[in-house]
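The structure comes first, then the notes.

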Amino acid sequence: MKEKIIIKNLYKTFKLSPKQMKINKTNNPIIVAVNDVSFSTYSGEIFGLLGPNGAGKTTTLRCIATLINPDKGEIYVDGIKNTDTVNVKKRIAFLTNELKLEEQFTPSYLFDYFASFHGLDPKFTQERKKELFERFGITKFQEVKIGELSTGMKQKVSIVISLVHDPDIIIFDEPTNGLDVLTAKVVTDYLIEEKEKGKTVIISTHIMNLVEKICDRVGVIIDGKLVLCDTLENIHKNYVGLDMEGIFFKLYSEVMANEERI
């Protein structure tokens, strides 16, 4: 398998406001969000980045997607250094909960807008729209304003817009948030099919059974540090008798105990 994303010694900090310092009960104005994280992902696999809220998952993905710059470290996307933001963005689909769709526009209009942003051929755009809208159950809502749609439908529109240009690398941050069980299955089935086409899929999640169902390899990130990265098969061999939830809590307990000793 070909390496599609390479992350080397990624390090990212954020400056806290006085209010944030109070909320976090700290006198330190600097928080380390990602601390020396390194891993690679490959073509034809689903890589799961697993961790609790605030662990550094989203920050890591935002660095890959060139939305923020790391303090230190290197990132390569399909052989391109992520400082080349234009060419990196051409190669990835990036879904984040921070994507806010303009509520006065319709799904159809927004799809066409993002397609033009990517410079796509109009014929391809319409074919792609038909395919994705039918797949994700958006067709009959395509002329309804975003502000009138349910939370789940808005999430589905965000998903198809991120996929408009049919990229080889799909990066989804908490893709099943806000979705019912049936719709979540549509999303996960789609990601599995994309993997089987040879594409690279990265998802971040805190849902353990989602990792068990669809991921080939897993990275566990806790307090900004990657504490485990291996195939799901090898992880279960090394933690006999534990499911992914049990493995995660064991790792979390070990990390917390180590920090208390320090």
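## Backbone and packing notes

N9 counts as partly exposed, because its relative accessibility is 43%. The model is a predicted one. N9 belongs to strand β1, residues 3-15. Its phi is positive, at about 50 degrees, although N9 is not a glycine. Most residues other than glycine have a negative phi.

D166 also calls for a look at its backbone. D166 is not a glycine, yet its phi is positive, at about 50 degrees. The residue is found in the loop between α6 and β7 (169-173). D166 is partly exposed, with a relative accessible area of 31%.

**Helix α6**

Among the buried residues are G152, M153, Q155, K156 and S158. V157, V160 and I161 of α6 are also buried. The buried residues of α6 pack against β6 (92-95), α4, α5 (122-135), β7 and α7 (181-196).

**Two helix pairs**

Two packed helices are described by the angle between their axes and the distance between the axes. The table gives both for each pair.

| Pair | Axis distance | Angle |
|---|---|---|
| α4 (residues 107-117) and α6 (residues 151-162) | within 9 Å | roughly 25 degrees |
| α5 and α7 | 11 Å | about 130 degrees |

Take α4 and α6. Their axes cross at roughly 25 degrees. Angles under 35 degrees count as roughly parallel, so α4 is roughly parallel to α6. The crossing of α4 past α6 is right-handed. On the α4 side, the contact is made by P107, L110, F111 and F114. On the α6 side, it is made by V157, V160 and I161. What is the make-up of the contact residues of α4 with α6? Seven are nonpolar, none is polar and none is charged.

Now α5 and α7. They pack at an angle of about 130 degrees, and are therefore oblique to each other. From α5, the contact is made by R128, L132 and R135. From α7, V186, D189, Y190 and E193 take part. The residues of this contact divide into three nonpolar, no polar and four charged.

**R128**

R128 is found in helix α5. Is R128 buried or exposed? It is buried, because its relative accessible area is 4% and the cut-off for buried is under 20%. Leaving aside neighbours within four places in sequence, R128 is in contact with F111, L163, V164, D166 and Y190. Several of these names have come up already. F111 is part of the contact of α4 with α6. Y190 is part of the contact of α5 with α7. D166 has the positive phi described above.

**Y239**

Y239 has its place in the loop between α9 (232-238) and α10 (244-261). With a relative accessible area of 17%, Y239 is buried. Not counting residues up to four places away in sequence, Y239 touches I247, K250 and L251. How many residues separate Y239 and D180 in sequence? They are 59 residues apart in sequence, and 31 Å apart in space, C-alpha to C-alpha.

Definitions and conventions: Residues numbered from 1 in each chain as written. Predicted model: local features only at pLDDT ≥ 70, side-chain atom pairs only at ≥ 80, totals over all residues. Heavy atoms only, no water. Axes fitted to C-alpha atoms, helices over the stretch in contact; angles between N-to-C directions. Helix = DSSP H or I, 4+ residues; strand = E, 2+ residues; numbered from the N terminus. Parallel < 35°, antiparallel > 145°, perpendicular 65-115°, else oblique. Left-handed = near helix turned anticlockwise from the far one by under 90°. Contact = heavy atoms within 4.5 Å. Nonpolar A, V, L, I, M, F, W, Y, C, P; charged D, E, K, R; others polar. Buried < 20%, exposed > 50% of the residue type's maximum accessible area, 1.4 Å probe, protein only.
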